[in-house]
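Visitor: I would like to learn how to read a structure such as this one, step by step. Could we begin with the idea of burial?

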Amino acid sequence: MDLSAINPVILTASLMVAATPILLAAIGELVVEKSGVLNLGVEGMMIAGAICGFAVAVETGSPALGFLAAALGGAGLALIFGFLTQVLMSNQVATGLALALFGLGLSALIGQRYQGVKPPATARLDLGPLSDIPVLGRVLFSHDPMVYVSLGLVAAVWAFLRVTRAGLILRAVGEGHDAAHALGYKVVRIRLMAIAFGGACAGLGGAYLSLIRVPQWTEGMTAGAGWIALAIVVFASWRAGRVLLGAYLFGGVAVLQLNLQAAGVPVPVEYLSMSPYLITIIVLVIMSSRRGRAAVAAPASLGRVFHASS
Amino acid sequence: MKLKPVLAGLALALGLAGVAAAADKTKVGFIFVGPIGDGGWTHEHNVARLAVEEKFGDAVETIYQESVPEGADAERVLTQMALSGADLIFSTSFGFMDPTMNVAAKFPDVKFEHATGYKRADNVGTYSARFYEGRAIQGLIAGRMTQTNVVGYIASFPIPEVIRGINSAFIHARKANPDVQFKVIWAYTWFDPAKEADAAAALIEQGADVILQHTDSTAPQAAAEKAGNVITFGQASDMIEYAPRPRVSSIIDNWTPYYIDRVQAVMDGTWTSDDTWHGIREGMVKIGEITDAVPADVKQAALALKDSIASGDYHPFTGPLNKQDGTPWLTEGETADDGTLLGMNFFVEGLAAEIPQ
Amino acid sequence: MIWLEKRAAPSRFWTVVTPLLAVALTMLAGGVLFAALGKDPVAAIRTIFWDPLFNAQFASYSRPQLLVKAGPLILIATGLALGFRAGVWNIGAEGQYIVGALCGAGVGLAFYPLEAWYVFPLMVLAGGLGGWAWAMIPALLKTRFRTNEILVSLLLVYVAEQFLASMSLGLMRNPEGGGFPGSRNLQQYPSAANPELISGTGLHWGVVVAFVALIMAYILLHRHILGFQIRLAGQSPRAARFAGVNANRLVVFCLGVSGALAGLAGLFEVSGPAGQVNIDFNQGYGFTAIIVAFLGRLHPVGILFAGLLMALTYIGGELAQFMLQIPAAAIQAFQGMLLFFLLGVDVLTNYRVRIGIRETA
């Protein structure tokens, strides 16, 4: 056992990278759920993004275009879900699960030509002297651009929900769609936009896996990351800042577990892997038991079908 | 839901075309545990399937089913293949063992070949590859080339197949370099690119400059490439796209000669059930090209080791060897028997890692 | 403009027609998909929907297999549907299925190699209890702390999956299994096996229990006061409160029943068709059953048909793969499309499509 071999600075840096895909997917799902929609198909949208991004990056040679395509692909798939649940008023849980199935199948079909292909490399962002600052430089200033994009997105979503009027409307729709409708807001349109945004974020998260973190394309490569993203939103009690915390917790446990093993510490892998989920449940219980503060719990209309009856 | 009448009408309209399976063709079925595009285990089995098709042309028809979960579904898929007239079925994952035995009992005229299992019957043979022979060569290269004396090993599950590989690599790394240490990470997956990438990164951060992997994706290769001064080896498939660095060599699962041989035997009517465990000599374990990133003398030593294993002059598990706890295992010049190797559940002396219970 | 008007009651005509319409639409869209892959669309559709039932070569085997595949789906979906009707959202059936299988198999393995008549009944009991207990976690958290049961039950699936991995590599690993993960094969331990009851029918105890559960659910929903309460609570929670329905009791009941049935499904699967506890033992039955429940409109009869239809696409999909070399991914996408269409056209059952200007808009 040699714990000194674990460098906390490097560990933090790699934790940030490991957490980025689930962070991206989770922050998108947060917005979706804030609008009162539960889309369980994150895994499907992520993997669709992974292959769309990969294919376009390989064909054009540009990772940036790849990420753009990933966002579009994820959003496109999400809009199937949006159309079914918002316009045709199908059940969100069942439709979300169907979306996960469809996304996995579709992505594997598209990806058949891209096995064993190396994608164009995404350059690290050159931040010049900033990267040389001890500790902080390695942790904060030596990543690829997408890490900063994901952090920026978290900040943007936080600000959007907190201070903008549009964010207020989105939350109103999520808390009570009938009331929001009565106030003249276009519930369905707002939710469709939120769903598309969620899909785009999930797509980016998937492409981060296929273009930067792994990087390669293989069927089923998201390996459950989409489901983790769902758990993170819950852990975060639907707050943008805590999504960051949650993603780092889930990503951190994964990375720490591997580092401990490499250092020769025998860890009970399965029990460590289930710990973030148990922590999430505890967080949920604590949150919901504080009865006076209902505002921190789930959006009131989450998962419920909306039909404008008047 | 009135499905049947509709379908009945539809089928009448289409006309019930019979299954066009010519009786004189030999039909060979394959069931795969992963998608054929997994780039590793299943991919290589499928490469061999295509080679069978190419070799025999019109005399053979192959059918396959990918991504078959182990358990109930496997039994159904095997039965349906047998019903469809398959003469020989390769069932290519350990978890298909009991389903294969069950189906084989129901179809005594169909031959079955089960990979990596230990149950046999009159119409069920088993086959597996001595991958540990390839691991010995990797170990030698790793021991000679490491600067930090730390070799990282991404293991999948704590099962004999994997443990054997670690031991073989370690023994030969130590022989080449007495100071070498192995750091082992159990990933608990055969295939999870993101996790494999993280595992490789963790090993590299803790000083490893050689990464060996017993998982199937190229993610560790990419992580090594990113890190710079780290070398890796292809696993299951050649992973040549990462040559000449970080991938300096590879172990390739080469099922082609065996599959062609067995299909031929069925066509000739000479097939009998047996237990095959082939290695470098028979070509089931192939060593991918050793690139120029490896110094000439190391390459020469590696090739010499390969030749001596292939000729049978040398067995990778030759004594004196002790178990990890210091108890003697093999005496001077003694070689391990296959039974011990197949059930290997201990590390050899010197390995600092632990096998999870 | 086109808009939707809610029907006072679901249309009987469309209740029957929408599934057929959805299957027809899927055949069309799927045909396009298969044609795009360079496969004969007609042959593909025929192989998926027709061959498992009527192909001379396969049908005698595939038809009973429909029951084997549909059995656990129907059993789980029946329990889930009760809860969904009452507005109790258990989406963690996958976890309850795993825990039921682990508890049941654990009892069986503990008795190994004792041959006695009571081993299998005890396993059934343990399986049901295991699933029930796993579902009681979200139930108690819901009634005590008002914690959202959708999320807790989902999160517990991941916990159960880790337990499963731990058990198949550790405690339950077959000591004579050559060191590979996975338990002893219960099929080969007569006292613990759940075999085919009548040869060639695919009928095992799990299928029998699934049918019994369907009938019980039907009686409960339509003939029993509790069924009335369930329906009332789902349609109007406030009315249910006025009618004296104890919401907490309903939560405990619905989660308990659906958990126990999922646990039983897991036990019957692990001791029968699957045979052993293994890392990948759960194949998403618990999630697929949610879809089955909705496809069947949460009604026992609908669930029966939906379960069989799902099973048909699985088995037909397998045939299409090796007969026509259609990639597994295409079958998966095809199933996804079928679900989309089934869920989508269902709107016609509950809503009327109106064209024109809305009066009250």
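Guide: A residue is called buried if 20 or more other C-beta atoms lie within 10 Å of its own, exposed if 12 or fewer do, and partly exposed in between. Please keep in mind that this is a predicted model.

Visitor: How many other C-beta atoms lie within 10 Å of Arg174(B), and what does that make the residue?

Guide: There are 19 other C-beta atoms within 10 Å of Arg174(B), so this residue is partly exposed. Arg174(B) has its place in helix 6 of chain B, which covers residues 160-176.

Visitor: Which residues does Arg174(B) touch, leaving aside those up to four places away in sequence?

Guide: Arg174(B) touches Gly143(B), Val180(B) and Gly350(B) when those sequence neighbours are not counted. As for Ile137(B), which is 37 residues away from Arg174(B) along the chain, the C-alpha atoms of the two are separated by 12 Å.

Visitor: How should I read a helix, and what span should helix 2 of chain B have?

Guide: An α-helix has 3.6 residues a turn, so residues three or four places apart point the same way. Helix 2 of chain B, residues 41-56, has 16 residues and should span 22 Å at 1.5 Å a residue; its end C-alpha atoms are 23 Å apart, which agrees. The buried residues of this helix include Trp41(B), His45(B), Ala48(B) and Val52(B), and the elements that its buried residues pack against are strands 1, 2, 9 and 10 together with helix 9 of chain B. Just after helix 2 of chain B comes Gly57(B), with a positive phi of about 55°.

Visitor: What radius of gyration would a compact globule with the 361 residues of chain C have?

Guide: Such a globule would have a radius of gyration near 21 Å, and chain C, with 22 Å, agrees with this. The C-alpha trace of chain C spans about 75 × 60 × 35 Å along its principal axes, while 61% of the residues of chain C count as buried. The secondary structure of chain C consists of 15 helices and two strands.

Terms used:
Residues are numbered from 1 along each chain as its sequence is written. Chains are lettered from A and ligands numbered from 1 in the order in which they are written. This is a predicted model: local features need pLDDT of at least 70, side-chain atom pairs count only at pLDDT 80 or more; totals for chains, interfaces and linings use all residues. Helices (H or I, at least four residues) and strands (E, at least two) are DSSP runs, numbered from the N terminus. The expected span of a helix is 1.5 Å times one less than its number of residues. Two residues are in contact if their C-beta atoms, placed from the backbone, lie within 7 Å. The radius of gyration is taken over C-alpha atoms; the globule rule is 2.2 Å times the number of residues to the power 0.38.
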